[in-house]
Amino acid sequence: MTLKKKARSRFVRFLGKQLREDRTTLQIYSRDMADLPSLVSIFFQNIPDGVILASSVKDIQTIYSVANETKTPITQRAAGTAGLGGSITYKKGLVIDTKGFEQHYLVNPLDQTVVVSPSYVFSDLQRKLKLEGFSLCSYPSSYHSATIGGWIAHGGHGIGSAQYGGVLEQIVEIEVVLPTGHLVKYTERDHISLFVGSHGTLGTITEVTLRVKFDIPLKHQGCTFDSPKELIQGLEEIVRIFPYSVWFLNPEHVALFNETFGYNLPIRYVAIISKEVNFEEEELEFSRLFNNAVRNAGGQILDRRYTEDIWQFRFKSFSMLKQCKDFVVSEVILPIEASDKYIRKLVSKFKGNIHLEGEVISPTHYALMMYLLYDEKLSSLKKTLLNLKLFNLTIGSKKVKGTPYSTGLWFSGYYGKIYGKDELRRYKEFKKSVDPKNISNPGKVLSPKLRFLPIVSLKFAVRLASRLIL
Ligand SMILES: Cc1cc2nc3c(=O)[nH]c(=O)nc-3n(C[C@H](O)[C@H](O)[C@H](O)COP(=O)(O)OP(=O)(O)OC[C@H]3O[C@@H](n4cnc5c(N)ncnc54)[C@H](O)[C@@H]3O)c2cc1C
């Protein structure tokens, strides 16, 4: 279904100069960071009818007004770095590119907060904050391209979450244009939490006030472990020393790291631990506690020459993977306790092709990014099978009390598993009240029905397919 004539003429009338409809643009906006096998078009219509480059609150309000009037689905997209299909259209309509949203920035040193536009890229914001002696509390490792708005809507955790929590813990106020067109500001945690992980389904974020921290120097230590069991024991010990960040790679990812950047790290599980340190005594104490923790878990301390360097590479995973092969990606949140079984299973299922990168996000949990590399010559059918296999293993993490990282499109229908049943109920009530026509990013968060078999949900179909085929 292409954009209806009446709808198109309305959008052209109000936002004609910002509307793009050429084939190249539509192709670019038909995917996000992950590779999409061409067979997915059976399930949904990921090539949009058009793309609107929105730059102001007024643009967003106009878009919602015409979208409601003409029942046109709209899908927000910022940098497009999330790989779960959240910024891809499910049933065509318009993509709203929010990356060019007008930018403003205001630090309040007394409150230790910053007011920013959602289109701010993390590295740009951090650069500005550092000039004033402040720093982001936590940020994603897609720091050089991802935006604040996209991270909130994706439900972000990241580097620094071990100490400061995920994005929800940092939002003081959020401004949103609801699908009704109303511009609202929320300061209550109960309201803010609805927008974290909502993938644009409840409205479009137009401004955020974030908590920031003093720019305290970080010291880094590294260690290696022989097996998933040792790694998990190591994480259990290390979280007790209240680190700022704990970031680790599996041996396959370490080998790729060595190959790409010319290092000679041991091909084992490698973890880099960072801690805020104000004084020399604190640094000595950190070293002592760290050495004890690693020793207790049976690991080995990594040569200090490496640790500073590796920390600098924390944003390089994507470029490392990109230059090798194609890949599919998924991410789970796992409890630290007893999750070594799950890692062992992943490694044995995919042999040497699964690359794992973990980040501790709380004293009890970590996020595990899974990249499954494949030969770019692989047929579309085989790519789909790999996607399904990885999907199945992501869902299968529930056996060790894990959940998918976020919903987006691929994991739509898993919101209740991620945030709990009460949050799901609240989400549904709110969605019904602000978007009765379901125009704001339809097909995301709650599982949509298949377009050719509307009694079956996408969640059911994908699960069934992954069980039958694998
Ligand atoms: C190498 C790599 C590392 C990554 N590391 C992390 C990590 O450490 N932690 C993490 O959480 N994620 C990570 N990600 C995933 C992703 O990069 C982040 O979640 C990122 O913050 C998404 O921001 P974006 O601007 O690219 O958003 P997009 O991908 O464009 O959008 C994400 C979602 O937000 C919605 N959206 C975008 N803008 C708005 C808006 N203004 N209002 C409402 N909804 C909106 C979209 O519809 C979509 O559903 C990583 C990705 C890569 C490629």
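1. The domain assignment divides the protein into domain 1 (5-100 + 429-469), domain 2 (105-214) and domain 3 (218-404); such bounds come from an automatic or database domain assignment. The model is predicted: local features need pLDDT of at least 70, side-chain atom pairs count only at pLDDT 80 or more, and totals for chains, interfaces and linings use all residues. Residues are numbered from 1 along each chain as its sequence is written.

2. The centres of domain 2 and domain 3, taken over C-alpha atoms, are 26 Å apart. To their contact (C-beta atoms, placed from the backbone, within 7 Å) domain 2 contributes 12 residues and domain 3 contributes 15 residues. On the domain 2 side, 3 residues are nonpolar, 9 are polar and none is charged, where Ala, Val, Leu, Ile, Met, Phe, Trp, Tyr, Cys and Pro count as nonpolar, Asp, Glu, Lys and Arg as charged, and the others, Gly among them, as polar.

3. An open, antiparallel sheet of 8 strands has the order β14-β11-β13-β12-β16-β17-β15-β18. Strands (E, at least two residues) and helices (H or I, at least four) are DSSP runs, numbered from the N terminus; two strands pair if DSSP finds at least two bridges between them.

4. β14 (300-301) and β18 (403-404) each have a single partner strand, so one side of each lacks a neighbour in the sheet. Strand β12 (residues 245-249) is joined to the antiparallel strand β16 (residues 354-360) by 3 bridges, and F248 stands opposite G358 in β16.

5. Helix α13 (residues 340-350) packs on the sheet, touching β15 (326-335), β16 and β17 (365-374). The direction of α13 makes about 160° with that of β16; axes are lines fitted to C-alpha atoms, for helices over the stretch in contact, and angles run from 0 to 180 degrees between N-to-C directions.

How values were computed: Two residues are in contact if their C-beta atoms, placed from the backbone, lie within 7 Å.
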